[in-house]
Amino acid sequence: MNKTRSLIALATVAALSGVGAGAWWLGMKQGRGDTTSVTAQPAASTSALDDPSQWTIPQGEEATRRHIRDALKAGDVDPATGRRILNYHDPMVPGKNFDAPAKSPFMDMMLVPRYAGSDAADASSVTVSPRIQQNLGLRTAPVVEGSLVSEVTAVGNVAWNEREQVELSSRAMGFVEKLHVKAALDRVAAGAPLAELYVPDWVSAQEEYLALARLSGPGTEALQDAARQRMRQAGMPTAHIERVVISGRVQSRFTLTAPIAGIVSELLVREGATVMPGALLMRLQGTRTVWAEGAVPESQAALLQPGARVRTTSTGAPGQTFEGRVQALLPAVDAVTRTIRARVELANPQGRLVPGMLVSMRLALPKAAASLLVPSDAVIHTGRRSVVMVAEEGGRFRPVEVTAGLEVGGRPRSAQACRWGSAWCSRVSS
């Protein structure tokens with residue numbers, strides 16, 4: 001019985017050993033067969049896939065070896081794919097590109113080609129699916145060519161136009177007998193009387209002339225002309241001399257009249273005061289025009305020119321618009337706000353604008369030359385450059401560096417650019 005059991009056990013072990021050996025042999029054969037199959041059909045033909053960016057690394061290495069055999073490099077068209085070769089890179093070390101096929105200097109492997117026009121093949125572009133674009137609210141706008149008619153807005157303060165200021169001073173020693181204006185800021189009309197003066201030197205010069213005017217005979221005309229000349233030298237105005245000559249009587253008092261219409265900005269004498277030659281009596285300020293000085297950013301002030309049209313409104317004169325022109329850009333920059341003050345001359349026919357009043361100014365800029373226009377919110381400022389995203393086929397977006405020009409509120413801004421092949425280059429906007 002024991003001998004029979006031993007024979008059965010040995011037979012069982014032999015059978016199991018035979019089955020194991022057969023399984024091992026079959027597995028090795030199949031393994032060699034599989035390996036041979038992979039080797040016989042390595043990375044499928046490069047023309048078998050439409051998008052080379054979906055190749056595996058072995059497929060890309062095989063394409064690089066083929067490029068070496070066919071003497072292809074970056075910029076050439078691969079006849080197997082029909083696409084232009086952009087460059088070669090090591091998938092393990094992104095950001096390093098090479099112009100010729102070769103072995104990777106970083107890893108023990110071949111470089112992998114990158115083709116133009118393939119999905120995700122260009123590292124400088126990104127792909128956004130239509131569903132993500134809709135979820136993000138992504139929108140595109142066409143680049144158009146046109147010109148911008150823009151304006152600069154500023155808030156300014158009204159001040160008197162100093163070019164319309166007149167000073168009235170005494171021409172000789174005299175006395176102020178009567179004042180027709182009693183206080184500063186009184187309004188006066190052109191030709192209105194301001195003060196009456198008594199000038200003793202003028203009275204004596206008139207009496208001398210009248211005495212000579214009553215004489216007759218040879219040589220009296222020369223004496224009369226000399227007496228008239230002495231009246232002029234005493235400081236008498238021509239109109240006052242003519243009144244003496246025509247009336248034949250002494251004009252003891254001289255009436256000072258307003259040469260312009262405006263206000264008495266400064267009154268320096270009172271009735272009964274004695275004035276000396278050259279003493280300032282009063283100042284008159286014309287109100288026909290006023291100045292408004294507004295702070296303009298220095299980046300926009302360079303676009304302004306003297307003579308530019310200005311439209312101004314003020315809460316102190318509701319419903320009224322004041323027209324004017326830029327008179328000058330004051331040669332000083334505020335170090336804190338980085339602004340330049342633009343001096344504007346405004347018409348003030350009714351005298352509604354007075355110093356200290358706030359006004360809102362719209363300064364028209366000259367029409368810019370034709371250029372490419374893009375929406376203002378499409379320009380991305382990184383701090384060192386300005387970039388816009390160009391929409392390409394297949395949901396791809398490529399960043400393009402531009403030089404932005406003039407900007408008008410929500411209107412497009414100019415950014416001249418040119419296209420070269422599949423790349424974009426920028427130029428400074430005129």
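## Terms and basis

Buried means under 20% relative accessible area, exposed means over 50%, and partly exposed lies in between, using a 1.4 Å probe and protein chains only. This is a predicted model: local features need pLDDT of at least 70, side-chain atom pairs count only at pLDDT 80 or more, and totals for chains, interfaces and linings use all residues. Residues are numbered from 1 along each chain as its sequence is written, and side-chain values use heavy atoms, leaving out hydrogens and water.

Strands (E, at least two residues) are DSSP runs, numbered from the N terminus. Two strands pair if DSSP finds at least two bridges between them.

## Val 390

Val 390 lies in strand β23, residues 386-391. Val 390 counts as buried because its relative accessibility is 14%.

## Strand β17

Side chains alternate along β17 (residues 309-313). Val 310 and Thr 312 point to one face and are buried.

β17 pairs antiparallel with β18 (residues 322-333) over four bridges. Here Arg 311 stands opposite Glu 323. β17 also pairs antiparallel with β20 (residues 358-364), again over four bridges. In β20, Leu 363 is the bridge partner of Val 310.

## A four-stranded open sheet

Four strands form an open sheet in the order β12-β11-β9-β14, with antiparallel pairing. β12 (253-257) and β14 (274-275) are the edge strands, each pairing on one side only.

Strands β9 (residues 174-179) and β11 (residues 193-198) pair antiparallel over four bridges. Val 176 has Leu 197 in β11 as its bridge partner.
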